[in-house]
Amino acid sequence: MRRMRVAAVCGAAVVAAVGGMAPAAGVVRGAEAVRGAVAGLAYHGSAGIVGDRVDVRFTPHNHGAAAVPDSVVRIRWSQPLEEGQTLPARCAPEGDRAVRCRVGRLGAHDSGERIGLRVRLREAPSEVLLEFDPVGSDGRVDESRAAAERQRVLVLDTGDTYYF
(Lines give C-alpha, C1' and ligand atoms only; values in the text may rest on other atoms or scores of the structure.)
Protein backbone atom coordinates (compact mmCIF):
# COMPACT_ATOMS: atom_id res chain seq x y z
CA MET A 1 0.00 0.00 0.00
CA ARG A 2 2.82 2.42 0.85
CA ARG A 3 4.48 1.84 -2.50
CA MET A 4 1.21 2.61 -4.26
CA ARG A 5 0.92 5.96 -2.44
CA VAL A 6 4.55 6.82 -3.19
CA ALA A 7 4.09 5.88 -6.84
CA ALA A 8 0.89 7.94 -7.12
CA VAL A 9 2.45 11.02 -5.52
CA CYS A 10 5.64 10.65 -7.55
CA GLY A 11 3.65 10.24 -10.74
CA ALA A 12 1.72 13.43 -9.95
CA ALA A 13 4.98 15.25 -9.19
CA VAL A 14 6.50 14.13 -12.49
CA VAL A 15 3.43 15.25 -14.42
CA ALA A 16 3.50 18.63 -12.65
CA ALA A 17 7.24 19.05 -13.19
CA VAL A 18 7.46 17.84 -16.76
CA GLY A 19 4.09 19.06 -18.01
CA GLY A 20 5.22 22.67 -18.25
CA MET A 21 8.58 21.89 -19.82
CA ALA A 22 7.44 20.21 -23.02
CA PRO A 23 8.71 22.23 -25.98
CA ALA A 24 6.14 23.99 -28.09
CA ALA A 25 5.86 23.17 -31.77
CA GLY A 26 7.27 25.66 -34.24
CA VAL A 27 10.26 27.96 -34.36
CA VAL A 28 11.41 29.70 -31.17
CA ARG A 29 13.19 33.05 -31.50
CA GLY A 30 14.71 35.81 -29.36
CA ALA A 31 13.76 36.01 -25.69
CA GLU A 32 11.67 32.85 -26.03
CA ALA A 33 14.80 30.93 -27.01
CA VAL A 34 16.62 32.12 -23.87
CA ARG A 35 13.58 31.35 -21.73
CA GLY A 36 13.34 27.90 -23.31
CA ALA A 37 17.01 27.23 -22.61
CA VAL A 38 16.58 28.09 -18.93
CA ALA A 39 13.27 26.22 -18.72
CA GLY A 40 15.12 23.04 -17.86
CA LEU A 41 15.59 23.76 -14.14
CA ALA A 42 14.37 20.90 -11.98
CA TYR A 43 14.86 19.75 -8.42
CA HIS A 44 15.11 16.03 -7.66
CA GLY A 45 15.11 14.68 -4.13
CA SER A 46 12.98 13.47 -1.26
CA ALA A 47 10.65 14.80 1.41
CA GLY A 48 9.04 13.38 4.49
CA ILE A 49 6.80 14.70 7.24
CA VAL A 50 6.47 13.46 10.79
CA GLY A 51 4.27 15.55 13.06
CA ASP A 52 5.26 19.19 12.61
CA ARG A 53 8.70 18.46 11.09
CA VAL A 54 9.37 18.32 7.34
CA ASP A 55 12.67 17.03 5.98
CA VAL A 56 13.49 18.03 2.40
CA ARG A 57 16.62 17.05 0.48
CA PHE A 58 17.08 17.92 -3.16
CA THR A 59 19.65 18.39 -5.88
CA PRO A 60 19.14 21.12 -8.49
CA HIS A 61 19.51 20.12 -12.14
CA ASN A 62 19.74 22.23 -15.25
CA HIS A 63 18.34 20.12 -18.08
CA GLY A 64 18.50 23.14 -20.41
CA ALA A 65 20.95 23.81 -23.21
CA ALA A 66 22.31 27.04 -21.65
CA ALA A 67 24.15 27.70 -18.40
CA VAL A 68 22.37 29.48 -15.56
CA PRO A 69 24.83 32.00 -14.04
CA ASP A 70 23.32 32.19 -10.54
CA SER A 71 20.24 30.25 -9.54
CA VAL A 72 17.92 30.60 -6.56
CA VAL A 73 14.91 28.44 -5.70
CA ARG A 74 11.95 29.42 -3.54
CA ILE A 75 10.32 26.56 -1.65
CA ARG A 76 6.80 27.29 -0.44
CA TRP A 77 4.90 25.19 2.08
CA SER A 78 1.09 25.05 2.17
CA GLN A 79 1.30 25.41 5.97
CA PRO A 80 2.97 28.26 7.90
CA LEU A 81 6.47 27.65 9.24
CA GLU A 82 7.45 28.00 12.87
CA GLU A 83 9.36 31.26 13.49
CA GLY A 84 13.02 31.46 14.52
CA GLN A 85 14.34 28.32 12.84
CA THR A 86 17.96 27.67 11.99
CA LEU A 87 18.36 27.15 8.25
CA PRO A 88 21.41 26.18 6.18
CA ALA A 89 23.76 29.10 5.42
CA ARG A 90 22.60 29.34 1.80
CA CYS A 91 18.90 29.53 2.75
CA ALA A 92 16.78 32.34 4.21
CA PRO A 93 13.12 32.60 5.24
CA GLU A 94 10.67 34.51 3.05
CA GLY A 95 7.44 35.37 4.80
CA ASP A 96 5.75 32.75 6.95
CA ARG A 97 5.47 29.96 4.33
CA ALA A 98 8.60 30.09 2.16
CA VAL A 99 12.36 29.70 2.15
CA ARG A 100 14.78 30.81 -0.57
CA CYS A 101 17.94 28.81 -1.17
CA ARG A 102 20.87 29.89 -3.32
CA VAL A 103 21.69 27.13 -5.77
CA GLY A 104 24.52 28.94 -7.55
CA ARG A 105 25.79 28.51 -11.09
CA LEU A 106 24.53 25.55 -13.09
CA GLY A 107 26.12 24.67 -16.40
CA ALA A 108 24.09 23.30 -19.28
CA HIS A 109 22.97 19.75 -18.48
CA ASP A 110 24.61 20.09 -15.06
CA SER A 111 23.71 19.27 -11.45
CA GLY A 112 24.35 21.44 -8.41
CA GLU A 113 25.15 20.64 -4.81
CA ARG A 114 22.61 18.79 -2.69
CA ILE A 115 20.59 20.98 -0.31
CA GLY A 116 19.02 19.65 2.88
CA LEU A 117 16.38 21.43 4.96
CA ARG A 118 14.60 20.47 8.14
CA VAL A 119 11.78 22.84 9.01
CA ARG A 120 9.10 22.89 11.67
CA LEU A 121 5.54 23.85 10.85
CA ARG A 122 3.35 25.81 13.28
CA GLU A 123 0.95 22.87 13.44
CA ALA A 124 1.16 19.16 12.66
CA PRO A 125 -0.91 18.70 9.47
CA SER A 126 -1.87 15.41 7.83
CA GLU A 127 -0.30 16.62 4.57
CA VAL A 128 1.77 19.48 3.20
CA LEU A 129 2.24 20.69 -0.37
CA LEU A 130 5.73 21.86 -1.36
CA GLU A 131 6.19 24.12 -4.39
CA PHE A 132 9.61 24.75 -5.92
CA ASP A 133 9.79 28.00 -7.94
CA PRO A 134 12.79 29.44 -9.82
CA VAL A 135 13.81 32.95 -8.77
CA GLY A 136 15.09 35.38 -11.41
CA SER A 137 18.38 37.29 -11.23
CA ASP A 138 16.42 40.36 -10.06
CA GLY A 139 15.31 38.44 -6.95
CA ARG A 140 11.68 38.12 -8.03
CA VAL A 141 9.72 35.06 -9.04
CA ASP A 142 8.62 35.49 -12.65
CA GLU A 143 5.12 34.02 -12.34
CA SER A 144 4.84 33.32 -16.07
CA ARG A 145 8.11 31.37 -16.01
CA ALA A 146 7.41 29.86 -12.60
CA ALA A 147 4.13 28.41 -13.82
CA ALA A 148 6.05 26.47 -16.47
CA GLU A 149 8.89 25.38 -14.16
CA ARG A 150 7.06 24.97 -10.83
CA GLN A 151 7.36 21.58 -9.22
CA ARG A 152 4.74 20.49 -6.70
CA VAL A 153 5.19 17.66 -4.24
CA LEU A 154 2.43 16.46 -1.93
CA VAL A 155 3.83 14.92 1.26
CA LEU A 156 1.53 12.95 3.55
CA ASP A 157 2.17 12.36 7.26
CA THR A 158 2.54 8.61 6.84
CA GLY A 159 6.15 8.25 7.92
CA ASP A 160 7.04 7.49 4.29
CA THR A 161 9.69 9.27 2.24
CA TYR A 162 8.33 10.75 -1.00
CA TYR A 163 10.71 11.04 -3.96
CA PHE A 164 10.45 13.65 -6.69
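This report describes the aromatic ring pairs of a predicted model.

## Basis of the description

The model is predicted, so local features need pLDDT of at least 70 and side-chain atom pairs count only at pLDDT 80 or more, while totals for chains, interfaces and linings use all residues. Residues are numbered from 1 along each chain as its sequence is written, and side-chain values use heavy atoms, without hydrogens and water.

## Aromatic pairs

Rings of Phe, Tyr and Trp (its six-membered ring) pair if their centres lie within 6.5 Å; planes under 30 degrees apart count as stacked, over 60 as edge-to-face and the rest as tilted. This rule gives 4 aromatic pairs. Phe58 and Phe132 form an edge-to-face pair, because their ring centres are 5.3 Å apart and their planes stand at 75°. Phe58 belongs to strand β2 (residues 53–62) and Phe132 to strand β8 (residues 127–135), so this pair ties together parts 74 residues apart in sequence. Strands (E, at least two residues) are DSSP runs, numbered from the N terminus.

Phe132 also pairs with Phe164 in a tilted arrangement, at 5.2 Å centre to centre and 40° between the planes. Here Phe132 in strand β8 is linked to Phe164 in the segment after β10 (162–163), 32 residues apart.

## Burial and cluster

Phe58 is buried (under 20% relative accessible area, with a 1.4 Å probe and protein chains only), at 0%. Phe132 is likewise buried, at 0%, and Phe164 counts as buried at 14%. Ring pairs join Tyr43, Phe58, Phe132 and Phe164 into a cluster.

Methods:
Helix = DSSP H or I, 4+ residues; strand = E, 2+ residues; numbered from the N terminus. Buried < 20%, exposed > 50% of the residue type's maximum accessible area, 1.4 Å probe, protein only.
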